[in-house]
Amino acid sequence: MTEIYDIAVIGAGPGGYHAAVRASQYGAKVALIEKRNLGGTCLNWGCIPTKALFASAELIQTIREHGEEFGISCELNINFAKAVERKNKVVKELVEGIAGLEKAWKNDVYNGHGKIIGGNANDGFDITINGEETQNIKAKRIIIATGSSPALIPAFNIDHDRILTSDDILHPDFKNVPERLLIIGAGVIGCEFANIFTTFGSKVTMLEYLSTPIATEEPMVIKELQKKLVEMGINIKVSQNVLSVENTGSGVKATTCSADVPRDQVDSAEKSYFEADYCLVSIGRARESKDLGLEELSIETNRGAITIDQKTCETAVKGIYAIGDVSLSGAPMLAHIASYMGDVSVVNALVSIGGFPVKERTTDYKVVPATIFTSPNIGSVGLRRKQAKDLGVDIAMGRFAYMSLGKAKCAGHEEGFIMILVDKKDHKIVGASCIGAEAPELIAEIALAMNHGLTVHDISETIHSHPTISEMVLEGAEDVFGFAIHKKGRPVHH
Ligand code: FAD
Ligand code: NAI
């Protein structure tokens, strides 16, 4: 007998496992299909393992940079293998936690590759699951949450031996610190790994095509990060067109030319060569949309990303939704975006079935907080200054440095600053960027304020506990009109 579910979710990353739980909370009968591990990229090969390793790196850095002055003298014995074992344990426990959650909500979890083989929103869709055995299920609605995987570029010869993806370097058995590590792509993944491996003792070189690392961040923030990465000993080579990477047997060798050289003149251009023991390729992600039955259903993809109605998350086929990294959402590829889209798609799917206690929802990506886990951390939300200018928003800016904050000084976190952008017209907050201690947590307060259309005065008039790092937000907000108490020399505007 074929099971009939209200909703079948294909893929159990932060988009899919979250959507499955949410659907059950509203009373739906749910199937969750996963071909690898529950938790998806985020828990197994992304957010969680990197942040577990980052926590070890941060502890090492704190002791190195501040131990003596804080009165701790000790010889550091750094054991990367131990840090990896801890990371593996964190991942295992969280993945088990997801299994426990799905069980608690009585969701049926199927192990195998899910593929839609037919049907429609009136009669239900048919899905086949290829795992140890082949199973067929039927569902009234489908949410595709199959995520992404590291982009593989043929010229980079990724062999998973010395030329690695982020999945390889996070493998539970990757326990040696490369003496020399070459990282291609100084985006979010590249910078996070550079920070981790430098701290554990690798000599890191980054090759980046653009003229700056993490180009999406505010230039002042990038400058501050770059300064720190260089201080840590990382060699950042920008404007590099990486032409090839080879495994030489005992190491790796990358060939580059200047990114300014036109494509048709690359062959005759002057080349540079970079050698190392291992190479990490982190130049973006490929969407996992193959072999899902999309072509047969005429669901369009654009370079692998599933085309959806960006407001409702529904594909061109009524009753089939796509969320998270695999979808062409218009938002960044982030775990919290996948989960948010999970919420939106679930309620819209249940409204279309009828009889569930939900109302239609649409997405809104004006307020998307994002974090980069380097030392110091970076957090941002809303517009950057250039974006505001391009949109014709006349902004006022508040800026406050950690070194002027009591709690930051006590904790030895004096690097970095927060900047808050406000629309001069109505004093509403339109964006913020922060580099420094607890930057991601500080940005959460601003995201809440922005989401509810608060003005910068609403923040200034909110009592912030003292001494806390959260006072960075208060002082940054007050500084917009020159009212920060602990900042000198700025004229007050009324
Ligand atoms: P995924 O997490 O990719 O999950 C998709 C799941 O679907 C996978 O488990 C896959 O096995 C499964 N699947 C695929 N096809 C099928 C099929 N046909 N049948 C059954 N199952 C299938 N984001 C953040 O917000 N914060 C971070 O700190 C962060 N750090 C990151 C660090 C790294 C190194 C990487 C690579 C990513 C990081 N990300 C981070 C991004 C984040 O991991 C992704 O945005 C997020 O995992 C996307 O969630 P998803 O549910 O769309 O897809
Ligand atoms: P990315 O898009 O952030 O960075 C890729 C970098 O590689 C860019 O700077 C790009 O210019 C560069 N690049 C591309 N091709 C190149 C080439 N041929 N030679 C040299 N440089 C080249 O992608 P990344 O770092 O792979 O991360 C993928 C996604 O994962 C991110 O977009 C992000 O959404 C997510 N992520 C989020 C994290 C977080 O929230 N903390 C952490 C890690 C990943």
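Two strands count as paired if DSSP finds at least two bridges between them. Helices (H or I, at least four residues) and strands (E, at least two) are DSSP runs, numbered from the N terminus. With that in hand, take one bridge: A401 has F417 in β23 as its bridge partner.

Before going on, some housekeeping. This is a predicted model, in which local features need pLDDT of at least 70 and side-chain atom pairs count only at pLDDT 80 or more, while totals for chains, interfaces and linings use all residues. Residues are numbered from 1 along each chain as its sequence is written, chains are lettered from A and ligands numbered from 1 in the order in which they are written, and side-chain values use heavy atoms, with hydrogens and water left out.

Back to the sheet. β22 and β23 (residues 417-423) run antiparallel and are joined by seven bridges. They belong to an open sheet of five strands, in the order β20-β21-β24-β23-β22, with antiparallel pairing. Which strands are at the edges? They are β20 (370-372) and β22 (395-401), and each pairs on one side only. From one strand to the next, the twist averages 15°.

Next, the helices on this sheet. Contact here means heavy atoms within 4.5 Å. Axes are lines fitted to C-alpha atoms, for helices over the stretch in contact, and angles run from 0 to 180 degrees between N-to-C directions. Helix α11 (residues 439-451) lies across β20, β21 (378-382), β23 and β24 (429-435), and runs at about 175° to β24. Helix α13 (residues 471-479) lies across β22 and β23, at about 140° to β22.

Now to charges. Side chains of opposite charge can pair when their charged atoms come close. A salt bridge is a side-chain nitrogen of Lys or Arg within 4 Å of a carboxyl oxygen of Asp or Glu. How many salt bridges does the structure hold? There are 22 salt bridges.

I will also say buried, meaning under 20% relative accessible area, exposed, meaning over 50%, and partly exposed for in between (1.4 Å probe, protein chains only).

One salt bridge joins the side chains of K140 and D6, at 3.2 Å from N to O. This pair links distant parts of the chain, with K140 in strand β6 (residues 134-144) and D6 in strand β1 (residues 3-10), 134 residues apart. K140 is partly exposed at 33% relative accessible area, and D6 is buried at 10%.

Another salt bridge is between K51 and E192, where the closest N and O atoms are 2.7 Å apart. K51 sits in helix α3 (residues 47-70) and E192 in helix α6 (residues 188-199), 141 residues apart. K51 is partly exposed, at 22%; E192 is buried, at 7%.

E85 and K175 also meet in a salt bridge, at 3.6 Å from N to O. E85 is in helix α4 (residues 80-104), and K175 is in the loop between α5 (166-169) and β9 (180-184). Both are partly exposed: E85 at 40%, K175 at 28%. Elsewhere, salt bridges that share partners join E65, K228 and E415 into one network.

Last, a residue without a salt bridge. D167 is in helix α5. For charge, Lys and Arg count as positive and Asp and Glu as negative, with His and the chain ends not counted. D167 is buried yet has no salt bridge, and the nearest side chain of opposite charge, R36, is 4.1 Å away. Leaving out residues up to four places away in sequence, D167 touches R36, W45, P150 and R285.
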